[in-house]
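Subject: Structure handover

Hello,

Here is the structure I promised to pass on. Please open it before reading the notes.

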Amino acid sequence: MFRTKIAGIGMYVPPRVVTNNDLLKYMDTSDEWIQERTGIKERRYAHRTEETTATMGVEAAKIAIERAGITPQDIDFIIFATLSPDYYFPGCGVLLQRAMKMKEIGALDVRNQCSGFVYALSVADQFIKTGMYKNILVVGAEKHSFGLDFSTRGRNVSVIFGDGAGAVVLQPTDPSTGSGSGILSTHLHSDGESAEILAMYNPGTHANHWMPEKYADFDEAEIGQMFFSHAMIDKAQVFPNMDGPAVFKKAIVKFPEVIMEALAANGLQTTDLRLLIPHQANLRIAQFVQQKLKLSDEQVYNNIQQYGNTTAASVPIALCEAWEQGKVKDGDLVCLAAFGSGFTWASALLRW
Ligand code: ACO
């Protein structure tokens with residue numbers, strides 16, 4: 001059985017910086033409110049027409065592939081995690097495959113929102129361990145700026161999110177001869193009980209559930225017109241919906257739980273941890289987790305202050321930045337942990 005190692009890592013954030021004060025022209029908010037509740041100072045927004053989730057994924061992937069010392073033609077499987085795909089379908093994986101002129105390899109899109117990257121990493125890990133693939137590209141990317149309600153009505157959500165992408169190339173390593181580096185274990189969970197608490201309902205096939213009108217008497221042609229309707233726009237049902245306090249309460253329980261699960265599975269403790277990379281949901285959540293696990297400031301990496309919450313991209317962006325800053329070195333124990341819509345939550349423990 002092989003072990004999976006990160007052979008190359010890359011990130012891309014668009015150059016356009018949007019500060020909290022820049023948002024004042026759209027909504028009733030303040031720099032003070034946003035910083036106090038979320039820790040966010042600024043975020044990046046993609047170029048409106050020239051950049052998409054897939055193109056940002058490509059930029060991050062180019063760096064990861066180059067750092068792995070291979071070419072796009074060497075990649076034998078793609079896993080792309082996003083909640084803001086370029087199209088309703090097909091997924092971003094095939095768009096990346098086309099843009100990077102890769103071979104006719106498999107491309108899988110993962111729809112696990114904030115946990116998407118860790119879920120994708122876990123799927124890739126299984127393929128590498130069994131020997132099925134030798135160079136898997138895992139990407140997390142989001143273009144949130146195109147799908148937010150920038151009026152005061154949507155301010156509790158729109159101030160939080162930013163755009164960007166991160167990518168890793170995964171390769172097999174032989175644990176008996178290698179340095180012991182690689183993914184030690186991954187842990188995936190979900191609880192759909194509160195699926196609607198953090199969700200974007202439309203477009204979707206549930207329409208009669210969410211719309212007050214009764215659709216029972218409509219024929220298929222009329223229902224077809226309801227997939228997108230003016231009522232959805234008027235009722236802000238085409239934007240993400242979030243019960244912030246409910247998300248907060250669940251996140252601060254599940255983050256520590258899944259981190260401890262990963263450590264326990266490997267007979268390790270929080271003191272063994274060189275770095276925790278939590279999904280950058282909200283600085284207050286990360287601080288709560290740090291306190292609960294009694295981790296030092298040096299053991300937790302946060303960059304939500306600069307990029308906002310980039311959902312599936314946040315973990316690989318933070319990991320890449322931490323590595324570029326020399327905060328992750330060979331032999332270090334690193335834990336990636338995420339929690340988000342679904343709810344889903346996940347962790348990955350790795351030896352760098
Ligand atoms: N600017 C100013 N005021 C605002 C804003 C804003 N951007 N957003 C909401 N408010 C107001 C509300 O309207 C409300 O006003 P009211 O008291 O007059 O009704 C007041 O602030 C408090 O609203 P709450 O939603 O209760 O605000 P809360 O203190 O809970 O903070 C927040 C909201 C930051 C979202 C918080 O609930 C939170 O951190 N939740 C965790 C959710 C999270 O982090 N989500 C990230 C995405 S999901 C993920 O990645 C897991």
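The notes below go through the domains, the ligand, some individual residues and the backbone.

First, the ground rules. This is a predicted model, in which local features need pLDDT of at least 70, side-chain atom pairs count only at pLDDT 80 or more, and totals for chains, interfaces and linings use all residues. Residues are numbered from 1 along each chain as its sequence is written, and side-chain values use heavy atoms, with hydrogens and water left out.

Domains

The chain splits into domain 1 (4–177), domain 2 (182–194 + 242–351) and domain 3 (201–238). These bounds come from an automatic or database domain assignment. The centres of domain 1 and domain 2, taken over C-alpha atoms, are 17 Å apart. Across that pair, 47 residues of domain 1 are in contact with 41 residues of domain 2. Contact here means heavy atoms within 4.5 Å.

The ligand

Where does the ligand lie? Domain 1 and domain 2 both give residues to the shell around the ligand, so it lies between them. That shell has 24 residues, and Thr29, Arg37, His279, Asn282 and Asn309 come nearest. A residue is near a molecule or strand if one of its heavy atoms lies within 4 Å of it.

By class, the shell holds 13 nonpolar, eight polar and three charged residues. The classes work like this: Ala, Val, Leu, Ile, Met, Phe, Trp, Tyr, Cys and Pro are nonpolar, Asp, Glu, Lys and Arg are charged, and the others, Gly among them, are polar.

Four elements each supply at least two shell residues: α1 (31–38), α5 (155–158), α9 (244–265) and β12 (333–340). Of these, α9 gives the most, with four residues. Helices (H or I, at least four residues) and strands (E, at least two) are DSSP runs, numbered from the N terminus.

Now the polar contacts (pairs of N or O atoms within 3.5 Å; within protein, one must be able to donate a hydrogen and the other to accept it, and residues adjacent in sequence count only if both atoms are side-chain atoms). A polar side-chain atom of His279 is 2.8 Å from a ligand oxygen. A side-chain N or O atom of Arg155 is 3.0 Å from a ligand oxygen. Pro245 uses a backbone N or O atom, 3.3 Å from an oxygen of the ligand. The protein covers 72% of the 1,000 Å² of accessible area that the ligand has on its own. Accessible areas come from the Shrake-Rupley method with a 1.4 Å probe; for residues, only the protein chains shown count as cover.

Start with Thr344, in strand β13 (residues 344–351). Thr344 is buried, at 6% relative accessible area. Leaving out residues up to four places away in sequence, Thr344 touches Asn112, Ser115, Tyr119, His189, Ser190, Ala338 and Phe339. A polar atom of the Thr344 side chain lies 3.4 Å from the backbone oxygen of Ser341. Thr344 and Leu188 are 156 residues apart along the chain, yet their C-alpha atoms are separated by 7.7 Å.

Next, Thr186, in strand β8 (residues 182–190). Thr186 is buried too, with a relative accessible area of 18%. Its side chain makes a polar contact of 2.8 Å with the side chain of Ser122.

Then Lys250, in helix α9. Lys250 is partly exposed, at 24% relative accessibility. Beyond its neighbours within four places in sequence, Lys250 is in contact with Asp191, Phe339 and Phe343.

Backbone points

Most residues other than glycine have a negative phi, and most peptide bonds are trans. Some places here depart from that.

- A cis peptide bond joins Phe89 and Pro90, with omega about 0 degrees. Pro90 sits in the loop between β4 (77–81) and α3 (92–99).
- A cis peptide bond also joins Gly342 and Phe343, with omega about -15 degrees. Phe343 is in the loop between β12 and β13.
- Lys101 has a positive phi of about 50 degrees. Lys101 is exposed, at 67% relative accessibility.
- Lys294 has a positive phi near 55 degrees. Lys294 is exposed, at 72% relative accessibility.

Over to you.

Notes:
Buried < 20%, exposed > 50% of the residue type's maximum accessible area, 1.4 Å probe, protein only.
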